[in-house]
Amino acid sequence: MSAAAGIDSETAPAGAAPGIGRRLARNGAVRFGGAVLLVLLVLALAAPWLGTVDPTLFDPASRDLLPGRVGEVMTLDGNVLQHTFWMGSDGYGRDLYSRVLYGARVSLLVGATVALLALAFGTLAGLLAGYFRWLDGVLMRVMDGLMAVPNILLAVALVAMWKASLWTVIAAITVPEIPRVTRLVRSLVLGIREEPYVEAAVSVGTSRFAILTRHILPNCIAPLVVQGTYVCASAMLVEAILSFLGVGLPTDIPTWGNMMAEGRLEFTQYPQNVFFPGVFLALTVFAVNILGDGLRDTLDPRFGKRGER
Amino acid sequence: MRKSHDLTAAQQFRPRVRQAALKRLWCAALCAAAALAPGQAAAVTLRITPQSNLAILDPIWTTATVTRTHGYMIYDTLFGTDAEGQVRPQMVDTWSVSADKRLWTFTLRPGLRFSDGTPVTSADVIASLERWGQRDNMGQELFKFVARLDAVDAHTFRIRLKEPYGLVLESLGKLGANVPFIMPKRVAETPADRQIDDFTGSGPYMFKQDEWKPGALVVYVKNPYYKPRDEPPSGTAGGKRVYVDRVEWHIIADPQTQVNALISGEIDVLEQPAHEYYAMLRRDPNIRVLDNKYGAMVILRFNQLQPPFNDVRLRRAALVALSQKPFLQAQYVSSDLYRTCRSVYPCGSAYASERGMNGLLGGDFKRARSMLEQARYDGTPVVILQPTDLATISRLPLVAAQQLRFAGFKVELQSMDWQTLVSRRANRGPVAQGGWNVFLTTFNGLDLDNPVVNPALNASCGQAWVGWPCDPELERLRAQFVRATDPVDKKRIAEQVQERALEIATHAPLGEYFQPVAVRKNVTGYLNAPVYLYWNLRKR
Amino acid sequence: MRAFVLRRLLATIPVLLVVAVLVFLVTRLTPGDPAAIIAGNSANFEQIAHIRAALGLDRPLAVQFGSWLWDVLHGDLGRSFYFKLTVAQLIGQRLGPTVALSLCTIVVSVLLAVPLGVLAAWRHGGWLDRALMGFSVLGFSVPVFVLGYVLIYVVALKLRWLPVQGYVPLADGLVPFVRHLILPSVTLSVTYIALIARVTRATVAEALGEDYVRTARAKGLPEARVLIRHALANAAVPIVTVIGIGIALLVGGVVVTESVFSIPGLGRLTVDAVLARDFPTIQGVILCFSVIYVLINLLVDLSYALFDPRIRY
Amino acid sequence: MSGASAAVMADDAPVLDVRGLAVRLPPGAERAHAVREVSFAVRKGELVCLLGESGSGKSVIAQSVMGLLPRGLPAVAGEVRLEGENLLAARPERLRRLRGTRMSMVFQEPATALNPVMRCGAQIDELLACHTALPAAERRRRILEVLAQVRLPDPARMLASYPHQLSGGQRQRIMIAMALILEPALLVADEPTTALDVTTQAEILALIRLLQRDHGTAVLYITHDFGVAAEIADRVAVLRQGELIEQGSAEEVLSRPRHAYTRMLLAAVPSLVPPERAPLATREEVLSAHGLGKTYAGGTFLARGKEVVAARDIELSVHRGETVGIVGESGSGKSTVARCVARLIEASAGRLALDGASVPLAGSVAREFRRRVQIVFQDPYRSLNPRRTVGAAIVEGPMNFGVPRAKARLRAQALMGLVRLSPGALERYPHEFSGGQRQRLCIARALALEPHLLIADEAVSALDVSVQAQILELLADIQRRLRLALLFITHDLRVAAQICDRVVVMQHGRIVEQGPVGAIFRAPRHPYTRALLAAAPGRRFDFALPRPPPA
C-alpha cells in the first residue's frame with residue numbers, strides 16, 4: 001500500500017497546551033484564596049515587629065478594655081509599661097491584637113500540619129488498599145471503623161487521653177481525617193490501575209513498587225491537593241470546637257480557637273474577644289476553601305474533559 | 001461545664017452594710033404574699049439551674065455541692081444553723097446534757113414521717129449518724145469521743161461520750177458538705193463506701209426518680225407528710241414551709257446559655273451565674289441579684305513531697321511573691337464580688353486574724369528572688385495543674401504561673417479537665433510519673449472557718465489532705481483546739497494554728513469572692529444562707 | 001434485595017468490631033482514673049482501690065473487653081460509673097433530642113443545599129455560581145458555637161421570637177417542639193449545607209456535560225426540565241452518598257449545638273462522659289453513634305436502587 | 001452509491017440552506033474559526049453527507065444548525081435557513097420550539113445519549129408532552145407505533161425498559177424513533193453508527209434510508225467513514241480544517257475527486273481487496289496457543305453469580321515476520337485473547353508457548369517473557385503517563401532490564417527516528433502530541449525491548465483515516481525490518497485486509513474460521529464471515545484503485 005503523499009506534518013509536536021502553572025494563575029478563586037493566605041502568613045511571621053507585646057503576659061487591672069483604649073502591660077522582669085490595645089484586651093487583660101497575630105501562627109500550623117499528616121498517612125493507606133487487594137479488606141474495615149466514630153468525639157477522647165499539648169491536639173484532629181483521605185486515594189488508585197499506561201508499564205517489566213511511585217502516585221496529586229485544602233480548613237475549625245468543649249490547647253498557647261472559646265463568656269458585653277479571632281478564622285477558612293474549589297476546577301481532569309472533544 | 005468540687009457558698013458572720021436594707025425588703029414581700037388567696041388553682045412549678053450536674057445522689061458519699069443541695073431538698077436534720085450561725089433544733093424537740101457533759105439525751109418532735117408515710121424513729125437516727133460518722137471529717141472527730149449511741153425509746157436517743165467534747169451540737173447541725181441527714185434505717189445501713197439507691201427522706205420535698213434525666217432534668221414535688229416547725233425560717237433552722245407544687249432542676253452546661261435562660265424567663269433561679277454577667281444581671285429590670293455575705297476562699301496548695309516545694313524556704317519564697325488582687329481581678333471581674341483577706345480563715349469568721357501574715361502575700365518579687373538564691377533553687381520546674389472545663393477557677397493557675405515566673409521560678413502549666421485534675425492531685429509520685437507541684441482550688445468559707453474543719457491546716461503527713469504537709473507541732477495545736485471549750489482559748493489556739501501553718505507554708509490563701517444567686521423578681525422568699533435552700537419560695 | 005441487605009449487615013460487623021476495640025482502647029488508656037473521681041476528693045487510697053475493684057477495673061484489659069463485648073451482644077451496655085442509670089436507659093432518654101435535631105437539620109439542609117447546588121452548576125463559573133458558593137463556604141468557615149451565640153443573642157434575646165434554650169419533646173406539643181428546634185437546626189445546618197451544596201454543584205455540573213443532557217436539549221425541552229429530570233436525576237447518587245457520609249461530620253456539630261442550646265442529647269452526654277471518665281457510657285454512646293451511622297449508610301446504599309435503575313440488588 | 005435517491009428530488013426549495021456560515025474559536029486555539037465560508041443545502045428527501053476528519057468542524061456545523069453551540073463557540077457570520085427561517089437570528093425560545101418538531105438530531109454514542117435513569121418510553125413521551133397537547137393514551141399509542149416503525153422487537157417491553165437493558169443497536173433505534181416521531185423536516189445525524197458493530201451499522205443505515213423515503217425527511221449526515229458515505233449519501237461535501245473544499249453528488253466526489261485533499265483521503269481508505277502477500281521466508285513459530293480459554297466467575301464469595309465465558313478453545317500461532325489478524329465484533333473475545341497472550345490477565349484454560357518455551361498461565365511470569373512480548377493499546381490519549389516525559393516512558397523498559405540510562409537514551413533516540421518522530425521531542429510531555437504521534441511513541445516504547453511478538457489491540461481504531469494509513473504503513477515497514485511477529489486485533493475488515501498475512505475470525509468467544517487473508521476475503525467459508533464482509537459499508541466502492549467502480 002503506497003504511503004500517502006507527505007501531508008503528514010506530524011513529525012514536529014503539535015502546539016503545547018498551557019502549563020498547569022499558567023492555568024492555575026488564571027483561576028480567580030485560586031488567586032483570591034492564595035493572596036489572602038499569603039497576607040495572613042506574612043502577618044503571622046512578622047508578628048514580633050508589628051507593634052505587638054508578649055501575648056501571654058497580662059495585668060488583670062487592664063482587663064476587658066474596648067478596642068483602641070490605652071492600658072498597662074507587665075513585662076517578664078515584672079515592670080509595667082503603657083500600651084494601646086488596638087483590638088482591646090481579654091478577660092486576663094492580655095492584648096488581643098498580639099494574640100490574634102501570634103494566634104495566626106498556631107492556627108495555620110495546626111491546619112497545615114493536620115493536612116500534611118492526614119494526606120501522608122491517608123495516601124499510604126489508600127495506595128496499599130487500592131493496589132494490594134488482600135490488604136484492601138482489612139485496611140478498609142479499619143478505616144470504616146475510624147470513620148464511623150464521629151470525629152469530634154474521637155478527638156475529645158484522644159485529647160482527654162493524653163495531656164493537652166499542641167501535638168496531642170494535632171494528632172487528635174488528624175486521626176479522624178485519615179479515613180477520608182484513604183477512601184479518596186483508594187478510589188483514585190482503583191481508577192488509575194485500569195489505565196492503559198499502567199498496563200503498558202506492567203508489560204515492560206516495571207516492578208509493582210515502581211508502578212505505585214512512578215505512575216499511580218503522581219496522578220493522585222491533583223485531587224489530593226484539593227482534599228488537603230479542605231482538611232486544613234476543617235482542622236482549624238475542629239481546633240476551635242475542641243477549645244470550646246474545654247479539651248483544646250492550653251490558653252497560654254494563643255490560637256484563634258481557644259481565644260474565641262475563652263472569650264465567649266464576655267461575648268455579649270465585650271464582643272471583641274470573639275469578633276476579631278472569629279473574623280480572622282472565618283477569613284482564613286474561607287480563603288482555604290475558595291482555594292480548594294479553585295484548585296479542583298483547574299486541576300481536576302473531570303472538569304478539563306468538558307472542553308471541545 | 002461545672003463540676004462538683006470543693007466550692008460551696010461560704011458562711012460569713014459579720015453583717016454587711018446592705019444587710020439591713022435586705023431585711024426590710026423580705027418582710028414587705030412576705031406580707032404581700034400572705035395577702036394572696038391561699039391555694040392557687042394552677043400547679044406552680046419552680047425552675048432552678050443548679051451549680052453543676054447532679055450525678056451522685058448520696059450526700060454522705062460525696063462532698064459535691066449539688067449533692068448537698070439535693071440532700072437539703074429531700075432530707076431533714078436533727079439540728080440546723082440559723083442566719084446568725086447559732087445552732088437551733090430542727091427534728092429534735094428537747095435535749096439535755098449531764099452535769100459531767102458526757103451524756104447527751106435527745107427527743108424527736110412528735111409525728112415526724114418519711115416521704116413513704118413511715119414514722120421517723122430513733123433507730124433511723126442512730127443508723128444515719130453512724131454512716132455519717134464514717135465519712136464526714138467533723139463526724140469522724142466526734143465519733144472519736146463517742147462511747148455509746150443508743151435508743152431509749154422510739155422517740156428518744158442518747159450519746160455517751162468518753163470525755164467532754166466542745167462541738168457536739170455544731171457537728172449535728174453543721175451546714176457544710178457531708179451534712180448529717182436523717183435517712184430510713186434500711187437505707188442508712190448501706191456501707192459508707194457504696195452509694196445509696198433508695199431516696200426516701202423526711203425533708204420538705206420528695207425526689208421524683210422516674211422523671212429524673214441525669215445531666216438534663218431533676219424533679220421534686222412537695223412532701224405531703226412533712227410537718228414544718230412553727231418558728232420562721234432562718235438558715236437551715238426554723239419551719240421549712242413549701243409554697244410551690246413542683247421544683248425542676250434544669251441542668252444547663254453553657255454559662256452564657258444559663259444567663260440567657262434566666263433573662264428570657266425560661267428558668268427562675270440561677271445558682272452561680274458566671275462573674276462576667278453580674279453587671280448585666282444587676283441592670284436587668286426583672287432580675288434580682290441577692291448579694292449574700294457568704295464568700296468562698298481561693299487556695300494555692302503546694303505538694304510537700306516533691307521538689308521544689310518539698311523545701312519550706314522555697315514555699316515561703318512563693319508566699320512572699322504571690323499577691324491576692326490579680327487572682328481576684330482576673331477570675332471574678334467586678335470589685336464588689338471579691339475582697340482580699342489576709343487570713344487562713346474566712347475574713348469576718350470567729351477565728352480570722354492577720355497573725356503570722358507580716359511580709360507575706362505582698363507580691364514582693366525582688367525579695368522572693370533573693371530568697372530563691374539563698375535556698376540555692378536549682379531550677380526544677382514547678383508543674384501547675386490547670387482545669388480547662390471549670391469556668392470559675394480556670395484562670396487562677398495562669399495568674400499563679402506568671403507571679404511565680406516573676407519571682408524566678410521555672411513554671412510549667414499542664415491543662416486538663418477537672419476530673420483528671422482530681423485524680424492527678426491524689427498522685428504522690430514524682431512529676432515524671434503523673435505527679436504535680438501546685439494546684440489551685442476554692443473552698444466554701446464555712447468549710448475553713450475553724451482548725452478542725454479546714455482541710456488545708458491538717459498536717460498529719462500521709463493522712464492529711466492532698467499536698468500532705470507533715471508537722472507534729474501543728475497537729476498538737478489542732479488537737480489542743482478540739483479539746484478547748486472556752487471561746488477565748490479557742491480563739492488563741494486558732495491564731496497559733498494559723499501562725500504555725502504559715503511558718504511551714506501549708507498553703508497560700510488568695511482572698512475571697514462571692515457568687516450571689518440570681519433570681520427573677522416574680523420569685524420571693526429566698527433564704528440567704530451559705531448553702532442553697534429552696535423552701536419558703538413563692539412564685540407569682 | 002434481601003440477600004444484599006443481609007450481606008451488608010454482615011459486612012458491618014467487622015466495622016463495628018473495629019469501633020468497639022477502638023473506643024475501648026481509647027477510654028482505657030486515659031490518664032484519669034474513674035475510681036478516684038467517683039471516690040470523691042477526700043477519699044483515701046484503700047477506698048479508691050476498693051471502688052476500682054467494684055467496677056471491675058482491676059481485671060486485665062482483655063478480660064474487661066471480653067465481658068463488655070459479651071454483655072453488649074446480649075443487649076446490656078453496662079451501668080454508668082457516674083450516673084445512677086444503665087447506659088441503655090441513659091441513651092434512651094437522650095436519643096430523642098439528638099434524633100430530632102439531626103433529622104430537622106438534615107431536612108432543612110437538603111431542601112436548601114440541593115437547589116443552591118443546582119443553580120450554581122447551571123451558571124457554572126458565572127457570578128451566581130461564585131456568589132452562592134461563596135455564601136455556602138462562608139457558612140462553613142464560622143465555628144458553630146459563634147454562630148449559635150449570635151443567633152441566640154439576636155433572635156432569642158433581642159427579638160424574643162424563639163426560646164433561648166432547652167428541648168421540648170414532641171409529646172408535649174408540636175409548636176413548642178418546633179420552636180425549640182428552629183435555632184439549633186439552623187445553627188447546625190449551615191456547615192451541612194455547604195457540604196451538600198458543594199457536591200451537588202460538582203456532580204450536576206459534570207452531568208450537564210454528558211451526552212444525554214445534549215440529547216434532552218436537542219429535543220427542545222425547557223431548561224428547567226433538563227436541569228431537574230436529566231442533570232439532577234443523574235447526580236442523585238453522589239448527593240445521597242455525601243448526605244450519608246456527612247452524618248459523621250454532623251455529629252461534631254451536634255455536640256457543640258447541644259452544649260450551646262442546652263439540649264439533653266447524646267452529643268452532650270458523650271462529652272460529659274469523656275470528661276468524667278465514665279467508660280461504659282463513652283463506649284455505649286459512641287457504639288450507638290457508629291451503629292446509627294452504619295445503618296444510615298446502609299439505607300443510603302439501598303436508596304441507590306431508587307435513584308439509579310442500573311444498580312440492582 | 002445508491003441509485004434510488006434521484007426520484008425523490010421533486011420539491012426544489014431546500015429544507016436546509018446554509019450560506020457563508022462562520023463559527024469563531026476561542027482565542028489561543030490553533031486556528032481562528034472552527035468553520036468559515038460554509039455553504040450547502042439539503043432538499044426534501046435528500047441525504048447530504050458531511051465528510052471530514054476529526055477537528056474538521058463537521059460537528060460544529062451540526063451544532064450551529066440545531067442552535068446547540070456552546071458559549072465559547074459563537075456563530076459570527078452567514079445564515080442557516082430551516083424552511084426559509086434564519087435560525088441564527090431566531091430567539092432561543094423560538095429555537096427551542098423548533099427542536100424536536102421541525103428539526104431533530106441523532107448522536108454518535110448510543111451508550112450515553114439516552115438518560116440512564118429514565119425509561120426509554122418516558123424519554124420519548126416527554127418530547128410529545130412538551131411539544132403537543134396530545135392526551136397520555138394517544139401519546140402512548142403514537143410511541144408504540146413509531147417504535148414498530150424502527151423495527152424494534154416487542155415495542156411495549158422496549159417502552160418500559162431502561163437504556164442499559166438494551167443493545168447499542170436498539171438504543172440507536174430508540175434515538176431515531178425519538179427524532180422522527182414528530183415528522184421533522186430535517187434530521188441531523190452526527191456519526192450515528194460509528195460506535196456500532198458493522199452488522200448493526202448496516203441495519204441502521206438501511207433503516208435511515210427507509211424512514212427518509214417514507215417521511216421525505218431531509219437528512220444532514222455527518223461521518224468520517226468514506227464507506228458509510230458511499231453507502232448512503234446522495235450528495236457529499238468534504239470538509240478540511242473548517243473549510244468546505246469540495247461538494248457534489250456522491251458519484252462525482254467519491255470516484256472523480258477534484259481536490260487533492262479528497263484524493264489523499266480516498267487513497268488512505270484501505271481497500272477490502274487484500275494485496276498479494278509474499279510467503280514467509282522461514283517458519284519460526286514465535287507464539288502458539290492451544291485450547292486457550294478465559295471465563296469470568298460472576299458474583300462475590302457469598303452469592304454465586306453467573307459465569308461469563310469470554311473465550312474458549314483458541315488455537316493460535318504467529319511466526320516471525322508474520323502478521324496474524326483477529327477480527328470480530330465487540331464482545332467477540334478478541335481483546336480478551338490478546339490480553340491473555342500478553343499475560344495482562346490470567347487465562348483459565350489451555351497452553352501458551354513463546355519461542356517454543358511454555359509460559360505459565362497464572363502467577364508471576366518470567367521477566368524474559370516480559371521482554372519478548374509487547375503491546376500497543378487503542379486509546380492514544382490514555383496510553384502514556386501524563387505526568388512523565390515521553391523519553392522516560394521509552395527508556396523505562398530497557399532500564400528495568402539493567403540497561404544503563406545513557407545507553408537507553410541513545411536507543412530511545414534511534415527508536416524516535418524509526419517511528420519518524422524528531423528525537424528532540426523526548427523531553428516533551430504527552431499532552432503536547434497529537435493522537436497519531438502518541439501512537440508512534442507507544443510503538444517506540446514497545447520496540448525499546450526488542451520484542452519478538454508485538455500485539456496491537458485496536459491500535460489504529462481511534463485514529464483518522466489519513467493518520468491510520470501512516471501508522472499501518474509504519475507497522476508494516478518495522479515488521480519487515482525487524483522480522484517481528486505481529487498479532488493485530490481489529491473490528492475494521494478493511495484494515496485487516498491490508499495488513500494481515502493470516503486472519504482469524506471470532507464470534508462469541510470462539511474462532512469460527514481462520515486462514516490466509518486472500519482466502520478469507522475472496523472465499524469466506526463460514527456464514528458469519530460472509531455476513532461480516534457483506535455488512536462492510538461501501539464494499540462495492542473500491543476507493544483505492546482509480547478505475548471506475550463496477551456496475
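What pattern does chain A follow when it is read along the sequence? In this predicted model, chain A runs α-α-β-β-α-α-α-α-α-α-α-α-α-α. Counted by element, that is 12 helices and 2 strands. Of the 309 residues in chain A, 56% are buried. The contacts can also be sorted by how far apart the two partners are in sequence. Among contacts in chain A between residues at least 6 apart in sequence, 68% join residues that are at least 24 apart.

The mean pLDDT of chain A is 80, and 88% of its residues reach 70 or more. Within chain A, confidence is highest in helix 3 (residues 96-131), at a mean of 91, and lowest in helix 12 (residues 301-305), at a mean of 42. Two stretches of chain A can be named here. Residues 1-17 of chain A stay under 50, and the model has 34 contacts for them beyond four places in sequence. Residues 302-309 of chain A are also below 50, and this stretch has 3 contacts in the model beyond near neighbours in sequence.

The next topic is how the chains meet. There are 5 pairs of chains in contact, and among these chains A and C share the most contacts. Chains B and D, by contrast, do not touch, and their nearest C-alpha atoms are 46 Å apart.

The contact between chains C and A takes 40 residues from chain C and 37 residues from chain A. On the side of chain C, at least two residues each come from helix 1 (2-28), helix 6 (127-141), helix 7 (144-158), helix 10 (223-260), helix 11 (266-275) and helix 12 (279-307) of chain C. Helix 1 of chain C gives the most to this side, with 8 residues. Which classes of residue make up the side of chain C that touches chain A? This side has 32 nonpolar, 7 polar and 1 charged residues.

Chain D itself has 20 helices and 20 strands. Its radius of gyration is 25 Å, close to the 24 Å that the globule rule gives for 551 residues, so chain D is as compact as a globular protein of that length. Taken along the principal axes, the C-alpha atoms of chain D fill a box of roughly 70 × 55 × 50 Å. Of the 551 residues of chain D, 50% count as buried. Among contacts in chain D between residues at least 6 apart in sequence, 70% join residues at least 24 apart.

That leaves chain B. Chain B averages a pLDDT of 86, and 92% of the residues score at least 70. Over residues 1-17 of chain B the pLDDT is below 50, and this stretch has 71 contacts in the model beyond near neighbours in sequence. Over residues 30-40 of chain B the pLDDT is also below 50, with 4 such contacts.

The domain assignment of chain B gives domain 1 (42-71 + 195-293 + 517-539), domain 2 (78-188) and domain 3 (296-513). The C-alpha centres of domain 1 and domain 2 of chain B lie 26 Å apart. Where these two domains meet, 25 residues of domain 1 are in contact with 26 residues of domain 2. The side of domain 1 of chain B that touches domain 2 of chain B divides into 10 nonpolar, 11 polar and 4 charged residues.

Key: Residues are numbered from 1 along each chain as its sequence is written. Chains are lettered from A and ligands numbered from 1 in the order in which they are written. This is a predicted model: local features need pLDDT of at least 70, side-chain atom pairs count only at pLDDT 80 or more; totals for chains, interfaces and linings use all residues. Two residues are in contact if their C-beta atoms, placed from the backbone, lie within 7 Å. Helices (H or I, at least four residues) and strands (E, at least two) are DSSP runs, numbered from the N terminus. The radius of gyration is taken over C-alpha atoms; the globule rule is 2.2 Å times the number of residues to the power 0.38. A residue is buried if 20 or more other C-beta atoms lie within 10 Å of its own, exposed if 12 or fewer, and partly exposed in between; C-beta atoms are placed from the backbone. Domain bounds come from an automatic or database domain assignment. Ala, Val, Leu, Ile, Met, Phe, Trp, Tyr, Cys and Pro count as nonpolar, Asp, Glu, Lys and Arg as charged, and the others, Gly among them, as polar. pLDDT is the predictor's confidence in each residue, from 0 to 100.
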